[in-house]
Amino acid sequence: MRTYFLAVYTLWQREVVRFFRQKSRVIGAVAPPLVFWFLIGSGLDSSFHVAPSSGGLDYFRFFFPGTVLLIVLFTSIFSTISIIEDRREGFLQSVLVAPIPRSSLVLGDTLGGTTIAMLQGAAFMLLSPAAGIHFTPYSFALTVLFLFLTSFSLTALGFILAWQLDSVQGFHAIMNLLLMPMWLLSGALFPVEGSPLWLHRMMQVNPLTYGIDGLRHGFYMTGTQHSLRLFPLSDCLAAVCLFGAATFVGALWVSGRR
Amino acid sequence: MPEPIVLISNLSYAYPSSSGPGRLALKSIDLSVEKGEIFGFLGPNGSGKTTLFRILSTYFLPEAGQIRVLGLEMRRHIQEIRRNIGVVFQYPSLDLKLTASENLRHQGHLYGLYGGLLTQRMARLLDLLELSERSGERIENFSGGMRRRLEIAKCLLHRPQMLLLDEPSTGLDPGARRNLWSLLKNLNQNEGVTILLTTHLMEEADQLDRIALLNHGQLVKVDAPAALKKTIGGDVVRISASEAASSSLLTDIRAKFGGEPVLLDGLIHLEIKNGHQFIPQLVEAFPGRIEAVSLGKPTLEDVFIHYTGQAFWEKTGQA
């Protein structure tokens, strides 16, 4: 048991340390969403009209949780990309022949990516006063909980994808064809209500919709924008936990295959 | 007699491919390695030696056939085997963003070592491999030789009984190569570590206790280098002629002198006893048709040619 967690700890630590030694990764995960937030926010702010009950919600505030999720998506997915190259000529080779269960590798790597994604998301959240978002201790804790759950699920999803791929190019294709659409259809960029029915249905089965909704529960708790939250908090929590469990089990399963 | 440290019987391996079973990389290999040996797999690219290395290092799981390492059946006791072997990869398994010490520490943790014991072993190995002074530097600044040394240090932390190395001399200059070999011999003689390696270098293979010649996934021959060379009768004569004339010359040599001359890479190879007496007769027999003749004792390359009828360096697809 002790050796199991020693392995998890060391793999987690390695992920976090190597991340901070790569400045381009630190900047690369935060800067693009920040620019998106500013540019898209500036462009759409004047034409953005949600339900009147939202009480003068501006687009910067609306798009804020979506930007956090985008940072989490970029960071957690890209933290798993190293698996692809590491397997052929890097650190992963020695992990694969070490006397540890595969599950400790999956857990260590996933927690490492989760930590990095959470830290990046939290760094962006420092800007929340600028978007007119204020926290109570409870709403902050709730936001961090959803930050953790979405980071964990997306890192595990990245692990599943990276484990099976032989090239980084393939990973970028999946990023553009699967992950970005998932984010676009999560209600991050535009509200679910008011969209065509087919889109509405797709958004309802998208796990990230519940991630965004959960984050909004935290972010808007002290505001008046209740109407933007689609689902009860318990539903969001259940859906995101399920997503995390499913991706983690998936990661465990693929890791045993090669 | 104790059980060999590695016992392979009837091992085959096919790389998985999308269209059913892939190319067979290994075809029913039977082999054993004794404890305390320095044993090598010698073969050209595509011979299967890297596949065999990956299976023995537990990186790939064997499909058909049986492998016992340290007396344990591999599929059933994989973790126990892993605890007792050290694996040195061709492309070192180091994290370039971490320092030498950090790389060692992570490795130690993966083998259940920590605290004072780990620190002590790290210090000893950094010292042994002459890396102490730069232990706090990131690996990305290290030369190929230093990286290889660190990779070996990593693999010795848990005091393995057997060390597996994949092409350990690749990318090393002659000085670094000599140092590596004196280290390996030292480990073998003083600590009794069994050493198993793959190589495509003849001069490296010459230093080993025994070698297994591999070609196209098959085991061609296993023996000590000297014994292998002895199987070739006497000398090897290499004859070069103009490109167009080579094959007709080969036919004429065979007709006149017998033996089994082989044409490889533009050179005619002929194994023969008393080569020094043969050469004058050869030159007399084909005036003007021979450009150069050389005489030598058989090398491992000649052994390879003898058993496979092919040149060692022929292009044979992927490694």
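Analyst: Angles under 35 degrees count as roughly parallel, over 145 as roughly antiparallel, 65 to 115 as roughly perpendicular and the rest as oblique. The model is predicted, so local features need pLDDT of at least 70 and side-chain atom pairs pLDDT 80 or more, whereas totals for chains, interfaces and linings use all residues. Residues are numbered from 1 along each chain as its sequence is written, chains are lettered from A and ligands numbered from 1 in the order written, and side-chain values use heavy atoms, without hydrogens or water.

In chain A, helix α4 (residues 82-89) packs with α7(A) at an angle of about 40°, their axes being 8 Å apart (axes are fitted to C-alpha atoms, for helices over the stretch in contact, and angles between N-to-C directions run from 0 to 180 degrees; helices are DSSP runs of H or I with at least four residues, strands runs of E with at least two, numbered from the N terminus). The relation of α4(A) to α7(A) is therefore oblique. On the α4(A) side A:I83, A:I84 and A:R87 take part, meeting A:F159, A:A162 and A:W163 of α7(A) (contact means heavy atoms within 4.5 Å). By class, the residues of this contact between α4(A) and α7(A) are five nonpolar, no polar and one charged (nonpolar: Ala, Val, Leu, Ile, Met, Phe, Trp, Tyr, Cys and Pro; charged: Asp, Glu, Lys and Arg; polar: the others, Gly among them).

Helix α7(A), residues 137-164, also packs with helix α11(A), residues 233-255, at about 30° and with the axes 8 Å apart. This angle makes α7(A) roughly parallel to α11(A). The residues of the contact of α7(A) with α11(A) comprise 21 nonpolar, seven polar and no charged.

The domain assignment gives domain 1 of chain B as 36-60 + 79-228 and domain 2 as 233-297, the bounds coming from an automatic or database assignment. The centres of domain 1 and domain 2 of chain B, taken over C-alpha atoms, are separated by 41 Å.

One open sheet of chain B has six strands in the order β6-β7-β8-β3-β9-β10, with mixed pairing (two strands pair if DSSP finds at least two bridges between them). Because β6 (85-88) and β10 (218-223) of chain B stand at the edges and have a single partner strand each, one side of each is left without a neighbour in the sheet. Among the residues concerned, B:F41 has B:T198 in β8(B) as its bridge partner. Helix α1(B), residues 49-56, packs on this sheet and touches β3, β6, β7 (162-166), β8 and β9 (210-215) of chain B, with its direction at about 145° to that of β7(B). Helix α6(B), residues 174-191, lies across β3, β7 and β8 of chain B and runs at about 150° to β8(B).

A further open sheet of chain B has four strands in the order β12-β13-β11-β14, with antiparallel pairing. Its edge strands are β12 (262-264) and β14 (292-296) of chain B, each pairing on one side only. Strand β11(B), residues 235-240, pairs with β14(B) in the antiparallel sense over five bridges, and B:V236 has B:G296 in β14(B) as its bridge partner. Helix α9(B), residues 246-257, lies across β11, β12 and β13 (267-272) of chain B, running at about 20° to β13(B).
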